[in-house]
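Hello,

Please find the structure below, with the sequence. My notes follow it.

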Amino acid sequence: MRYNFKFDIVKNSRKFFILSILITVVGIVTLIYPGLHLGVDFKAGTTLDISAGQAVDKAKAAQLFEEAGFPPSSITIGGNQGDRVTARFDKELQSAEVAKVIDKFKSAYGDKVSYEENTVDTELAKELARKAVYGVLIASLGIIIYVSIRFEWRFAIAAVIALLHDAFIVISLFSIFRLEVNLPFLAAVLTIIGYSINDTIVIFDRIRENMRFARLKTVDDLKDLVNKSVWQTMTRSINTIITVLIGALCLFVLGSESIRLFSLAMVMGLISGAYSSIFIASPLWLLMKRSTIGKKKAAAAAK
Amino acid sequence: MVAKRFIAFLLIVVVTLGAVGLTSPYLVQHIRLGLDLKGGFEILYVAEPIEGGQPVTKESLRQTADALAQRANAQKVAEPEVTPEGTNRIRVRLAGVADQQQLRDILKKPADLTFRGPDGKIEMNGSDFVQNGAKVAFDQYNRPYIELKVKDANKFKDVTTRLLNKPLAIYLDDNQLSAPVVQNVISDGVASITGNYTYDEAKKLADTINLGALPLKLTEKYTQSVGASLGQLSLEQTVRAGVIASILILLFMMFFYRLPGVVASITLIAYTWLLLVVFYLLHATLTLPGIAAFVLGIGMAVDANIITYERIKEEIRSGKSILSALKAGSKNSLRTIMDANITTVLAAIVLYFMGSGAIQGFALTLIFSIVVSIVTNVWLSRWLLTLLIRSNAAKKPAYFGVKESEIHAL
């Protein structure tokens, strides 16, 4: 057998469950306190993103905001040459007030100053987030129904748990590292869910296929079958995650400043998606499936 | 026969890449870019009835949107996008505005227009007037005056009867703009305001009355403004990142899967192009997260190739001939790919019907990218590979990245 010498995923599954539960628990704790670091989409206020066309000194920027009469609650210097100032105001700036700030920067850094302004009524973003959550829950129900018909209900439950796991891991990591959550983050989480379900089904499909020809007498047979199926699809799992990660990492490193966090969420979610498909979903299915073997065996023994 | 197949293969590749190369510049230039990529600003207004108790009707929302578009047009904004959303929202997208501030003030200008009697009592308000019914006209001495129409002639008759020879002042918010005196009872609903106006003053007053005739009151709920050069920079950086990612993915596929990897690369280029065509045909707007989704979509589309090729490799290893390995591999992998994709599409359809705005856009993109990837990365890929193998151009397992030593005897 080709698969005997490989890492026993099933045997070690407990460790992975614990790891995932740990991240989730820490995530829940940080979600309760201090909570997600909500960006401008979810928190009233204005964000000004100013590109000065040359390197900007933070103290100088702070002074300029001060002179304009609107000291922001936070200033971040970013961009490739440190030429980008992101300022966050807790109050909503009127357009005349924004113009005042920009004029200050223009007088200091010349006409190359360009800016991006975001002012949001949080109700809309919250409504969108709420709809996304309901959408994901109902979509999960749809997935459960479809997979139950095409496969069996245990696969459906395991796949949906893996999917929710991935969404939650990303939310947890963003919460733990206090990364800013905005609307594009929502899009990232939705993409991750799409990837996760796709990735999981491919492995389940192999288990289903192997089940057809397998004679399963003991729980160990079942374990072997799961291990074998996961390893048979391992090259595909790895190659697929490599290609999607190439995309996400390129966007993260080379893409524009505005999608950096979006790309980071993607990178985290894709890794989690691949991880959960291999180390969480299949062992979970096994956990649910193993009792049926015991019953058969008991029934056989009783005869 | 064998050579014919190889020529057919080459022909398909040349035609595909030729079509991509010839039409791409046109597509890229004509795909509608979001504000985050081309600069401009976006405002989401929430409309409320000026007088309480009146519902916001679909019709009045549309009228208001039309009026906003006209106002933006009057300010010489190219292609203003004004779309009513849901029951009471209007989204305005404007690009290439030199003075955003001024335009925003004009759009936002409170449309709280009132006509007040001498005692300050509000006799009429903006919604009593026919939309865009006010205009500047000239009398016989070529002096400008304002002509306006009211919706309810009887109401106007009543007001002008009561206030005959008294001033009926026009207020915008609490600013008195003008205080013409009612000179006769007007019963046909068409009135004129005369005075010592210059043309510009008259024009401004007429515009303001039209603006006041907007049936709904608008509140800015969301604004986003992106400088044109910043948008351009985001576009360049992100597209460059996407191109580099695509090249790396293609190299990876060719290195790992050899001959099928080359086929995968061709189908990936076709995939990207076809998705652009879909975007173009649907007049979809490409935003920054949209490009990101595009790049990730490439990674996900290539999954179909990977699943198929891995399966073919397995079949070759089990001792099958290349052709039968291709047949068995394609057949077995198709079920896997379809099940995985149908599950994802199902989730996307649910999201589409549950969500709104951005979520719907996302769900649609996901659905289209999956459908397109099945056309290119499953169907086209299999067709090309079959032609290649049948032309006997690909006989060795090494072309598929399979070592001879890995092959089991049947």
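The domain assignment of chain B gives two entries, domain 1 (2–37 + 227–406) and domain 2 (40–224); bounds of this kind come from an automatic or database domain assignment. The C-alpha centres of domain 1 and domain 2 of chain B are 53 Å apart.

On conventions: this is a predicted model, in which local features need pLDDT of at least 70 and side-chain atom pairs count only at pLDDT 80 or more, while totals for chains, interfaces and linings use all residues. Residues are numbered from 1 along each chain as its sequence is written, and chains are lettered from A and ligands numbered from 1 in the order in which they are written.

Between the chains, the contact (C-beta atoms, placed from the backbone, within 7 Å) takes 58 residues from chain A and 59 residues from chain B. On the chain A side, the elements giving two or more residues are α3 (95–109), β5 (114–120), α4 (122–150), α6, α8 (234–254) and α9 (260–302). Helices here are DSSP runs of H or I with at least four residues, and strands are runs of E with at least two, numbered from the N terminus. That side of chain A has 32 nonpolar, 19 polar and 7 charged residues (Ala, Val, Leu, Ile, Met, Phe, Trp, Tyr, Cys and Pro count as nonpolar, Asp, Glu, Lys and Arg as charged, and the others, Gly among them, as polar).

Within chain A, helix α6 (residues 183–213) packs with helix α7 (residues 219–232) at about 130°, their axes 9 Å apart. Axes are lines fitted to C-alpha atoms, for helices over the stretch in contact, with angles from 0 to 180 degrees between N-to-C directions.

Regards

Terms used
Contact = placed C-beta atoms within 7 Å.
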